[in-house]
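Visitor: I have a structure here with its sequence, and I would like a friendly walk through it. Could you take my questions one at a time?

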Amino acid sequence: MKYLVTGGAGFIGSNYVFYVLKHRPEIEVVCLDALTYAGNLSTLKDVMDHPQFKFVKGDIADRDFIDQLFSEEQFDVVVNFAAESHVDRSIENPGIFLQTNVLGTQTLLDASRKYNVKRYHQVSTDEVYGDLPLDQPELFFTEETPIHTSSPYSASKAGSDLLVQAYNRTFGLPVTISRCSNNYGPYHFPEKLIPLMISRALADEKLPVYGKGENVRDWLYVEDHCKAIQMILEHGRVGEVYNIGGHNERTNLEVVKTILHELNKTEDLITYVTDRKGHDLRYAIDPTKITTELGWTPETTFDEGIKKTIKWYLENKPWWEEILSGEYQNYYETMYGQRGE
Ligand code: NAD
Ligand code: TDX
C-alpha cells in the first residue's frame, strides 16, 4: 500500500507520518508539503532515511505537478492534511485559505479520480459546525449538526468538505471525512494557543488571552487523532463523516492557568487583549459515531496530555526557538501589536 500524506511537515501531519511508520510497517508513505511558514523539514529529520518514507516538496494546488506526481507514484490512499490552519491569519488574509484549502483540495480530488485512488481522506475540523453557546453544556456537535461557519478559515474548510462529498456523490470517488476538535502535542506551531503560551511563559513574557478567556475548546492529544484517522481508513464506511473528540473541554483561561502552574510561573503574566473578530464561543464533539462504529476512544486525558506536551517543549527547545527567531517575530508584532491590553 502506498499513501500520499499531504501537509506532513506540519503539526498533525508529521505526527500522523510517525504514527503510520511506527504502527503500519507495510505502508509506504510519500509526504508532500509546500513548506509554508507552518511546514518544517527539521520536524521530519528522524524519518528522512526511513526506507518506507519519501519527502516531496510541492503545492497541492499546482495541477501539473500534482498530476505528474500521481501518475508516477500510483497512490492507493490520499490523506489530506495540507491546509492554511490558523484562524487569526485567515482574518488578516483570507485569499490564501481559499487557494490552498478549497482549490488545493479540488486539485487532489481530480487527481484521485483520474488515477483511481482507493480512498481519499479529508482531514477536516469541528469549526465547520460553527460554535455552541456557553450556557448550554448539554449541546454537542454531531455529524448531523448543520455546517455554519464563522471565520474565513472555517468557511474554506467547509467548502473543501462539501467538494469532497460532491466528488463522492457525483463521481463515486471513495472518500471519508473526519472532523476533529482542537489538537495539542509535539510539533504544534507556536502561533496556536497552547505552544504560544508555553513558549512565552518560559520567557516570562505576557500571555495574550483574547477577551475574558471564557471561550471553550475540546482538547485532543494529537496521537489520539492520528489513531482515529487510521481506524477510519481501515474500517470506516465510504462516503461518511466521523467526528473526533473526547470530552476534554476547558476554558482558555483554565488552559493558560494550567500551563503557568505546571511551569511554576505566576498568573500575573496573563494579559487580556482585544478579542478575536467573530470568536467562536464553544466547541464540543459528540464522538458517539466513531466510538460505537469503530471502537475508537481517546487514550490521553487533558491532564496527562498537557504534562507530556509541556515536557516535550522543554526537551525540544531548539525546534521552537528556531521558529521564534525567524519571520515569526514580525508575525507576533503585526498580529498582537494592534490588539492592545
Ligand atoms: P499546520 O498549519 O501545522 O500544518 C499545515 C501543513 O500544510 C504545513 O506543513 C504546510 O507547509 C502545509 N501546506 C500548507 N499549504 C500547502 C500547500 N498549498 N501545499 C502543500 N502543503 C501545504 O496545520 P495542522 O494544525 O497540522 O492541521 C492539519 C490539518 O488538520 C488541517 O487541514 C487543519 O484544518 C486540520 N485540523 C487541525 C486541528 C488543530 O487543532 N490543529 C484540528 C482539526 C483539524
Ligand atoms: O494568543 C491567543 N490567545 C487566545 O486567547 C491565541 C493564539 C488564541 N487564543 C484563544 C482563541 C481560541 O478561543 O485560544 C483558543 C484557541 O485558539 P487557536 O489555538 O488559534 O485555535 P482555534 O481557533 O480554536 O482553532 C484550532 O482548532 C481547530 C486550530 O488552529 C484549527 O486549525 C482547527 O481547525
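Visitor: Is Lys289 buried or exposed?

Guide: A word on the ground rules: this is a predicted model, in which local features need pLDDT of at least 70, side-chain atom pairs count only at pLDDT 80 or more, and totals for chains, interfaces and linings use all residues. Residues are numbered from 1 along each chain as its sequence is written, chains are lettered from A and ligands numbered from 1 in the order in which they are written, and side-chain values use heavy atoms, leaving out hydrogens and water. Buried means under 20% relative accessible area, exposed over 50%, and partly exposed in between (1.4 Å probe, protein chains only). Lys289 has 17% relative accessibility, so the label is buried.

Visitor: Which residue's side chain meets that of Lys289 in a salt bridge?

Guide: Side chains of opposite charge can pair when their charged atoms come close. A salt bridge is a side-chain nitrogen of Lys or Arg within 4 Å of a carboxyl oxygen of Asp or Glu. At 2.6 Å from N to O, the partner of Lys289 is Glu240.

Visitor: How many residues apart in sequence are the parts that Glu240 and Lys289 tie together?

Guide: Helices (H or I, at least four residues) and strands (E, at least two) are DSSP runs, numbered from the N terminus. Lys289 sits in helix α9 (residues 288–294), while Glu240 belongs to the loop between α7 (222–235) and β11 (241–244). The pair therefore links parts whose separation in residues is 49.

Visitor: Which residues do salt bridges that share partners join into one network?

Guide: Another pair comes in here: Glu240 also meets Arg237 in a salt bridge, at 3.6 Å from N to O. Arg237 is partly exposed at 42% relative accessibility, and Glu240 is partly exposed at 21%. For a pair elsewhere, Lys307 in helix α10 (residues 302–315) ties to Glu262 in helix α8 (residues 252–262). The network itself consists of Arg237, Glu240, Lys289 and Glu293.

Visitor: How many salt bridges does the structure hold?

Guide: The pair of Lys307 and Glu262 is a salt bridge too, at 3.6 Å from N to O. For the structure, the number of salt bridges is 22.

Visitor: On to ligand 1: how much of its accessible area does the protein cover?

Guide: A polar contact is a pair of N or O atoms within 3.5 Å; within protein, one must be able to donate a hydrogen and the other to accept it, and residues adjacent in sequence count only if both atoms are side-chain atoms. Ser85 places a polar side-chain atom 2.7 Å from an oxygen atom of ligand 1, and a backbone N or O atom of Phe81 lies 3.1 Å from an oxygen atom of this ligand. Accessible areas come from the Shrake-Rupley method with a 1.4 Å probe; for residues, only the protein chains shown count as cover. Of the 840 Å² that ligand 1 has on its own, the protein covers 96%.

Visitor: Which element gives the most to the shell around ligand 1?

Guide: A residue is near a molecule or strand if one of its heavy atoms lies within 4 Å of it. By that rule 28 residues surround ligand 1, the closest being Ile12, Asp33, Ser85, Tyr153 and Lys157. With three residues, the element that gives the most is β5.

Visitor: And for ligand 2, how much accessible area does the protein cover?

Guide: The side chain of Arg276 brings an N or O atom 2.6 Å from an oxygen atom of ligand 2, and the side chain of Tyr336 has an N or O atom 2.6 Å from an oxygen atom of this ligand. Ligand 2 has 660 Å² of accessible area on its own, and the protein covers 94%.
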